[in-house]
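Subject: Structure handover

Hello,

Please find the structure below, with my notes after it.

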Amino acid sequence: ETTNAVLYKNKEVIRSTTTLDNLTAEFRRAFPTGEFLNILGTQEFDIIVYIDDVTKISKIELKLSTYIDADRGVTQTKTADQLHNGWNYLRFLTTNLPLDQWGECKILRVVTYTTEPATVYYGDIIQVKPNKARIMFVDDHAYSDFKTNAYPVLKEQGIPVTWAIQPGRI
């Protein structure tokens, strides 16, 4: 599988240290006016993060916002039990995200919440977009409607379709 979009490729690892006054470490990428990250068709975001002591981490969140208001958008979380000491390769799948927020991302944030002062190191953040979309559509009734309505449209758009008849109905 190839990826055709790399969001962030750092030549140096970003170090972020939390303190007693601020127990959150953050990597943030805000896009300038008129620019955005197109997240349509994204399969997942992969983040590489180094943790010295996982007992000091409560969770890591990936936050994608389509608005300047960073509190609105999509958030996915990895909890402490999903992390370990050393380098972590975190996969944030996009399959179950609400599609009404899915499109133009204005702010991307990776936030690490700690229970006490700690240092985390952010490596690559990769946006994975397969070269070809994958869809499985199952229509288990109304065979004639699919044949007369849906199939011609899908064929015209060049979308491959496998159509099967349920043998128990014959």
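Strands here are DSSP runs of E with at least two residues, numbered from the N terminus, and two strands pair if DSSP finds at least two bridges between them.

Before the rest, some notes on the basis. The model is predicted, so local features need pLDDT of at least 70 and side-chain atom pairs count only at pLDDT 80 or more, while totals for chains, interfaces and linings use all residues. Residues are numbered from 1 along each chain as its sequence is written, and side-chain values use heavy atoms, with hydrogens and water left out.

The sheet

Strand E7 belongs to an open sheet of four strands with antiparallel pairing, in the order E3-E10-E6-E7. Strand E3 (24-30) and strand E7 (74-79) are the edge strands, each pairing on one side only. From one strand to the next the twist averages 10°; the axes behind this angle are lines fitted to C-alpha atoms, and angles run from 0 to 180 degrees between N-to-C directions.

The pairings are as follows:
- E6 (residues 57-65) with E7: antiparallel, six bridges.
- E6 with E10: antiparallel, eight bridges. Here Leu-62 stands opposite Val-110 in E10.
- E3 with E10: antiparallel, seven bridges. Thr-24 has Tyr-113 in E10 as its bridge partner.

Strand E10 (residues 107-114) is largely enclosed by the rest of the structure, because seven of its eight residues are buried. Buried means under 20% relative accessible area, exposed means over 50%, and partly exposed is in between (1.4 Å probe, protein chains only).

The aromatic residues

Rings of Phe, Tyr and Trp (its six-membered ring) count as a pair if their centres lie within 6.5 Å; planes under 30 degrees apart are stacked, over 60 edge-to-face, and the rest tilted. That rule gives two aromatic pairs.

One is Tyr-50 with Trp-87: the ring centres are 5.1 Å apart and the planes are at 65°, so the pair is edge-to-face. The pair links distant parts of the chain, with Tyr-50 in strand E5 (residues 44-51) and Trp-87 in strand E8 (residues 86-93), 37 residues apart. Tyr-50 is partly exposed at a relative accessible area of 25%, and Trp-87 is partly exposed at 45%.

Tyr-50 also pairs with Tyr-121, with ring centres 5.8 Å apart and planes at 65°, so this pair is edge-to-face too. Tyr-121 lies in strand E11 (residues 119-128) and Tyr-50 in E5, so the pair ties together parts that are 71 residues apart in sequence. Tyr-121 is partly exposed, with a relative accessible area of 24%. Tyr-50, Trp-87 and Tyr-121 form one aromatic cluster.

Charges over rings

A charge sits over a ring if NZ of Lys or CZ of Arg is within 6 Å of the ring centre and within 35 degrees of the ring normal. Lys-59 lies over the face of Tyr-113, 4.9 Å from the ring centre. The charged end of Lys-78 sits over the ring of Phe-92, at 5.3 Å from its centre.

A loop residue

Thr-42 is in the loop between strand E4 (37-38) and E5. Thr-42 is buried, with a relative accessible area of 6%.

Regards
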